[in-house]
Amino acid sequence: MRWIRVGAVLCFASLAATILFAQAQYFDVTQVADGVYAAIGKNGAFCNAAVLVNKDDVLVVDTHLRPVWAHDLIQQIKRITDKPVRYVVDTHWHPDHVQGNQAYVNVFGTSVEYLAQHNTREDIIHKAIPSIQDSLKDVPEGIAKMEKTLAEGKDAEGKPLTDDARAALPRQIADQKAYLEELRHMQITLPTITFDRSLYLHKPGDRTIQVLYFGKGHTRGDVVVYLPKEKVVATGDLLTNAIPFMRDSYPVEWVATLEAIQGLDWNAAITGHGDVQHGKKQIARLISFMSDLVAQVKSDVAQGMSLEETKKAVNLASHAPDFPAYKTPAAFQRAVDSAVERAWNEVSGTIKD
């Protein structure tokens, strides 16, 4: 009978958790460890977050592209705990990780501290905030193109729209109009505490939260949030479910940064995009890909090859099976070409911070 009672309690707890998290519009919230949750984006919210519930407060890692998404996650946090969010970590400056910052100070007040590496704060000021003005021009143009496509019933290649595409466009147009309204009122809250290499938070209950900078990678200021006791790491876009976005990256230095993260003692990684990763298989695959990329590009640059010659010469097809997120060889090759271009610029010394 005792086992029956225990089983009933566990089933009830599981059902309660399902009901609790099912109400999230933009995130699937799952528990990764005691007091540690992953918020995996859905319904267009493509950036993840990590939520650490401490004995006296909450820390959130990354805040998404849109404040409305951040507010949705805040509602989920309030269902988990009545403790206030006291800390927000910006893993890097990209808009899809920081434009929701303002939501936390709006809800929890000015006691919220925003943590980031020095370079990230500078890049939010000089890149993320100005990018809002770019979006205020780009988003209306995108809306106009979608409205024209819907009115004409033809895609960019002049082919008739499929039924699915025709049905999806009105929702996409409405979503982008809502985002445009958010942009018009958006003010990114800046990091209030910055550091060079590491920042430790020692919380009641024997929890240590380590915010660590290992060097350049996806950007020049990426940090990871590491919980040594729980053996969990939140990586931002240093690690994702695919080849991370390369536009602002430093592939040569990224390899060493990934190796440092791999060397930490963790069992689960809450990444910037994609599902929670259990074990280190995917980070090993990314290190292998990046190492091969850098080695080939260095060799080609040493031979005096141009960027276009290097793109043709580099062959990373053997790594394609390690990244099933790419549904076609062409999609994988586009990611490779972007990586080659950034690595070529880095090796050639043309990247300026």
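This is a predicted model: local features need pLDDT of at least 70, side-chain atom pairs count only at pLDDT 80 or more; totals for chains, interfaces and linings use all residues.
**View 1. Helices α5 and α6 side by side.** Here we look at α5 (residues 118-152) and α6 (residues 163-184), whose axes come within 10 Å and cross at roughly 160°. Because that angle is over 145 degrees, α5 is roughly antiparallel to α6. Their crossing is left-handed. On the α5 side, the residues that meet α6 are Ile132, Ser135, Leu136, Val139, Pro140, Ile143, Met146, Glu147, Thr149 and Leu150. Facing them from α6 are Arg166, Leu169, Pro170, Gln172, Ile173, Gln176, Lys177, Tyr179, Leu180, Leu183 and Arg184. Sorted by class, this contact has 13 nonpolar, four polar and four charged residues.

**View 2. Helix α8 crossing helix α10.** The next pair is α8 (residues 281-302) and α10 (residues 329-348), with axes that come within 9 Å and cross at roughly 55°. That angle makes α8 oblique to α10. The crossing of this pair is right-handed. From α8, the contact draws on Phe289, Leu293, Val297, Lys298 and Val301. Helix α10 contributes Phe332, Val336, Ala339, Val340, Ala343, Trp344, Val347 and Ser348. Eleven of the residues in this contact are nonpolar, one is polar and one is charged.

**View 3. Stepping back to the chain that holds these details.** The chain has ten helices and 13 strands. Its C-alpha atoms fill a box of roughly 70 × 50 × 45 Å along the principal axes. The radius of gyration is 22 Å, which agrees with the value near 20 Å that a compact globule of 353 residues would have. Of the 353 residues, 50% are buried. Among contacts between residues at least 6 apart in sequence, 66% join residues at least 24 apart.

Definitions and conventions: Residues are numbered from 1 along each chain as its sequence is written. Side-chain values use heavy atoms; hydrogens and water are left out. Axes are lines fitted to C-alpha atoms, for helices over the stretch in contact, and angles run from 0 to 180 degrees between N-to-C directions. Helices (H or I, at least four residues) and strands (E, at least two) are DSSP runs, numbered from the N terminus. Angles under 35 degrees count as roughly parallel, over 145 as roughly antiparallel, 65 to 115 as roughly perpendicular and the rest as oblique. A crossing is left-handed if the near helix is turned anticlockwise from the far one by less than a right angle, and right-handed if clockwise. Contact means heavy atoms within 4.5 Å. Ala, Val, Leu, Ile, Met, Phe, Trp, Tyr, Cys and Pro count as nonpolar, Asp, Glu, Lys and Arg as charged, and the others, Gly among them, as polar. The radius of gyration is taken over C-alpha atoms; the globule rule is 2.2 Å times the number of residues to the power 0.38. Buried means under 20% relative accessible area, exposed over 50%, partly exposed in between (1.4 Å probe, protein chains only).
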